Amino acid sequence: MTVTLGHYLALASVLFTTGAVGFLVRRNALVALMSIELMLNAVNLTLVAANRWQPSMVPAGAEPATPEALAAAAGYASQSAIAHHGQVFAFFVIAVAAAEAAVGLAIVLAFYRLRKTIRTDAADTLKG
Amino acid sequence: MIQTLAPLAPILLMAFGAVALMLIDAFQDEEGGLAMPAALVHFVAGSTALLLWKRGLPLDSGLLHGYLVIDKTSLFLDAVIGLGGGLASLLAGGYLHEHKLERGEYYPLLGFASCGAMMLVSASDTLMLFVALETMSLGVYAMTGYRRTSARALEAALKYFLLGSFAAALLLAGAALLYTVTGHTDFAGIAQALHPTGEQPPDPFLVDKARISILAMLLILAALAFKVGAVPFHMWVPDTYEGAPTSTTAYMSVVVKTAAFGVFLRLMLTVFGDAGSASSAAGWPALMAWVAVLTMTVGNLAALVQTSVKRMLAYSSIAHAGYLLVGVVLAPRGGGVGAVAVASVLFYLLAYTVSNVGAFGALMLAGRRGAEAVSFDDLAGLGKRHPWAAFALTFFLLSLTGVPPTAGFFGKFYIVRTALDSGLGLLAAIVVVNSAVSAYYYLGVIVKMFMKDPAPGATRAQPMASGTIFFTLVGAALGVLYLGLLPERVLSLALAAAERAAP
């Protein structure tokens with residue numbers, strides 16, 4: 001069996017859905033944070049996989065065999081010779097996710113100090 | 001070098017200004033006192049945007065490589081953000097001092113958030129969009145939870161952070177799907193690859209380009225709807241606005257909203273601005289028209305039953321997002337209507353900025369530490385006890401209602417007129433009916449202040465004395481009156497700004 005872009009996309013959508021459902025269902029703030037990380041990593045997987053199978057470099061009628069074969073058919077010396085926006089995007093996502101986690105954990109920590117719980121259903125004083 | 005960097009001046013000034021604020025805070029002995037410098041940085045950055053506009057520099061700098069587009073739309077919005085952010089930092093100076101919250105980190109956070117907002121209205125690449133959105137949001141999350149000893153503030157921050165990160169993840173998923181089917185991250189490249197001209201080779205990947213791009217569009221729309229606070233993604237707005245320090249609420253309601261609408265317009269008009277996706281019968285405008293109607297109706301109906309003035313203003317800001325969305329819905333239309341619709345959104349954002357900063361500022365001014373103006377009952381009899389504070393609040397609430405001759409009137413007027421010109425009488429009527437409903441709760445505050453006496457033994461709001469807040473309110477009031485009496489000049493600027501944005 002050859003692993004194609006479709007396989008990566010399927011795995012990424014499973015991860016993304018797991019994260020989204022986890023975020024919506026679980027009531028623990030830390031689990032919600034982890035669910036968001038899972039969603040972001042699903043996005044990273046999509047970006048990196050899509051970078052290897054870039055549609056813009058596929059000549060007409062080419063079979064989607066391997067990234068290397070596609071690159072060769074499109075006239076590139078190697079797969080690494082083509083643009084890597086997806087790979088770079090993934091690095092940005094990782095960096096920003098770290099910053100986001102820092103702010104998020106600080107908020108969760110401050111919330112815990114006051115309320116002695118990190119359950120999101122304890123956050124119920126604002127209503128109306 | 002100067003030529004290539006010049007178009008970036010507003011963003012760079014904002015970034016360096018925020019760094020400078022951080023350094024000043026690190027090396028000064030006493031806490032606080034940064035409100036004036038922070039406001040100065042905002043006003044300088046905003047005026048630089050106007051200066052760039054006037055000088056007519058070659059705006060698309062080669063240095064940017066399509067990551068940021070500096071055009072008249074973004075310069076207009078930069079100026080609005082500079083104005084809103086500057087007024088909000090002045091309000092923060094008075095508010096944080098009164099409530100013994102004056103710590104140095106607030107103003108750099110505010111500055112970096114404004115820098116993110118300015119990048120966001122210029123973003124023309126999904127990568128830049130994401131980075132700018134997070135730069136803005138992370139600052140605002142921290143500003144929301146700034147009062148660390150208050151369970152309500154932290155609850156507001158927790159809710160805003162969790163839902164905001166979720167929305168950012170949805171946006172990223174949409175961007176990644178677009179990259180998968182097009183191989184591009186820049187808006188123009190995505191649009192071109194999605195709707196190519198000429199003979200196309202058959203898709204070699206067996207991925208359904210049309211369906212994936214629709215899915216991506218829905219994900220991105222949901223994320224943007226969250227950021228502007230549109231129904232059904234509005235649940236965070238009342239809680240966050242109520243729990244956050246009032247200065248943060250004022251900032252969020254003007255700067256974050258302006259930036260979110262700016263990027264909404266640019267993204268939807270460039271990436272999904274083709275005839276198919278932007279068709280007013282079956283494309284995203286049709287969907288967003290329903291969202292707009294729901295947003296203004298739900299916002300107004302919920303605002304009717306509030307007992308807290310701050311929460312009422314939060315729901316009313318949802319309603320205003322609904323009016324603005326009407327303009328967004330009309331933006332992709334051809335025949336000149338689109339440009340007018342974008343111009344009316346830009347005008348509304350400016351009018352809303354001065355009115356809303358004023359309303360929150362007047363609410364701050366009406367209460368002091370320990371005797372804050374929170375509920376409608378706190379304000380009872382304020383007109384007799386402290387007529388000036390009551391008068392200020394009345395003035396800005398009238399502008400939010402849309403009573404002439406205030407900024408709010410022309411904001412709504414242009415939106416309604418554009419809807420009528422496009423033959424959407426029903427949508428225009430819904431906006432007008434909603435404004436009438438909103439008059440009920442805005443006037444409710446005024447009636448309470450001037451015609452009701454406080455119940456014996458009840459808590460009463462005591463106005464605080466603050467020079468910066470007073471100065472800010474005077475500035476905002478001048479803006480409201482200027483836009484209400486002489487709207488033509490600003491409107492012609494908005495029209496010039498809208499020319500390139502609309503197709």
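## Where the chains meet

In this predicted model, 42 residues of chain A are in contact with 41 residues of chain B. Contact means that two C-beta atoms, placed from the backbone, lie within 7 Å. On the side of chain A that touches chain B, the elements giving two or more residues are α1 (5–25), α2 (29–52) and α4 (85–115). Of these, α4(A) gives the most, with 16 residues. Helices here are DSSP runs (H or I, at least four residues), numbered from the N terminus.

By class, this side of chain A has 31 nonpolar, nine polar and two charged residues. Ala, Val, Leu, Ile, Met, Phe, Trp, Tyr, Cys and Pro count as nonpolar; Asp, Glu, Lys and Arg as charged; the others, Gly among them, as polar.

## The nonpolar core

The largest nonpolar core has 234 residues. Such a core joins buried Ala, Val, Leu, Ile, Met, Phe, Trp, Tyr and Cys residues through C-beta atoms within 7 Å. Buried means 20 or more other C-beta atoms within 10 Å of a residue's own. Helix α7 (residues 151–182) of chain B brings the largest share, 22 residues.

L346(B) is among the residues with the most contacts inside the core. Leaving out residues up to four places away in sequence, L346(B) touches F76(B), A494(B), A497(B) and A498(B).

## Two helices of chain B

Helices α6 (residues 126–144) and α11 (residues 246–270) of chain B pack at about 170°, with axes 11 Å apart. α6(B) and α11(B) are therefore roughly antiparallel (angles over 145 degrees). Axes are lines fitted to C-alpha atoms over the stretch in contact, and angles run from 0 to 180 degrees between N-to-C directions. Their contact has nine nonpolar, two polar and no charged residues.

## Reading the model

Residues are numbered from 1 along each chain as its sequence is written, and chains are lettered from A in the order in which they are written. Local features need pLDDT of at least 70, side-chain atom pairs count only at pLDDT 80 or more, and totals for chains, interfaces and linings use all residues.

Conventions
Buried ≥ 20, exposed ≤ 12 C-beta atoms within 10 Å, placed from the backbone. Parallel < 35°, antiparallel > 145°, perpendicular 65-115°, else oblique.
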